[in-house]
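Subject: Structure for you to look at

Hi,

Here is the structure I promised to pass on. Please open it and keep it beside this email as you read.

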Amino acid sequence: MRRLELLRIEHRDLDRAIDALVGTGASDQMQVARLKKRKLRLRDEIAVLEDALIPDIIA
């Protein structure tokens, strides 16, 4: 699923951006917080799409 792949790439890119900002030492805490919030939203969206791909198994 192309959408899922794009979300995973964006999530990974945000992780790298956050690490880079924090690593500089002079990071803008508001910007880091915004990026982390976006990353959490992406994680939730990824989880929803992954759940839709996995069929429910009735035991």
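This is a predicted model: local features need pLDDT of at least 70, side-chain atom pairs count only at pLDDT 80 or more; totals for chains, interfaces and linings use all residues.

**Helix H2**
Start with helix H2, residues 29–53. It has 25 residues and reaches 36 Å from its first C-alpha to its last. That is close to the 36 Å expected at 1.5 Å a residue. At its start, a side-chain oxygen of aspartate 28 comes to within 3.2 Å of the backbone nitrogen of methionine 30.

Which residues of H2 are buried? They are Val32, Leu35, Leu42, Ile46 and Leu49. Helix H1 (2–24) is included in what covers them.

**Salt bridges**
The structure holds six salt bridges.

- Glutamate 45 pairs with arginine 3, with the closest N and O atoms 2.5 Å apart. Glutamate 45 is in H2 and arginine 3 in H1, 42 residues apart.
- Arginine 8 pairs with glutamate 50, also with closest N and O atoms 2.5 Å apart. Arginine 8 lies in H1 and glutamate 50 in H2, so this pair ties together parts 42 residues apart in sequence.
- Lysine 39 meets aspartate 15 at 2.7 Å, N to O. Lysine 39 is in H2 and aspartate 15 in H1, 24 residues apart.

Is arginine 8 exposed or partly exposed? It counts as partly exposed, because its relative accessibility is 40%.

**A surface patch**
Met1, Leu53 and Ile54 make a nonpolar surface patch of about 340 Å². Methionine 1 sits in the segment before H1. It counts as exposed, because its relative accessibility is 59% and the cut-off is over 50%.

Best wishes

Methods
Residues are numbered from 1 along each chain as its sequence is written. Side-chain values use heavy atoms; hydrogens and water are left out. Helices (H or I, at least four residues) and strands (E, at least two) are DSSP runs, numbered from the N terminus. The expected span of a helix is 1.5 Å times one less than its number of residues. Buried means under 20% relative accessible area, exposed over 50%, partly exposed in between (1.4 Å probe, protein chains only). Contact means heavy atoms within 4.5 Å. A polar contact is a pair of N or O atoms within 3.5 Å; within protein, one must be able to donate a hydrogen and the other to accept it, and residues adjacent in sequence count only if both atoms are side-chain atoms. Patches are made of residues with over 30% relative accessible area and no salt bridge: like charges are joined within 9 Å, nonpolar side chains (Val, Leu, Ile, Met, Phe, Trp, Tyr) within 5 Å. Accessible areas come from the Shrake-Rupley method with a 1.4 Å probe; for residues, only the protein chains shown count as cover. A salt bridge is a side-chain nitrogen of Lys or Arg within 4 Å of a carboxyl oxygen of Asp or Glu.
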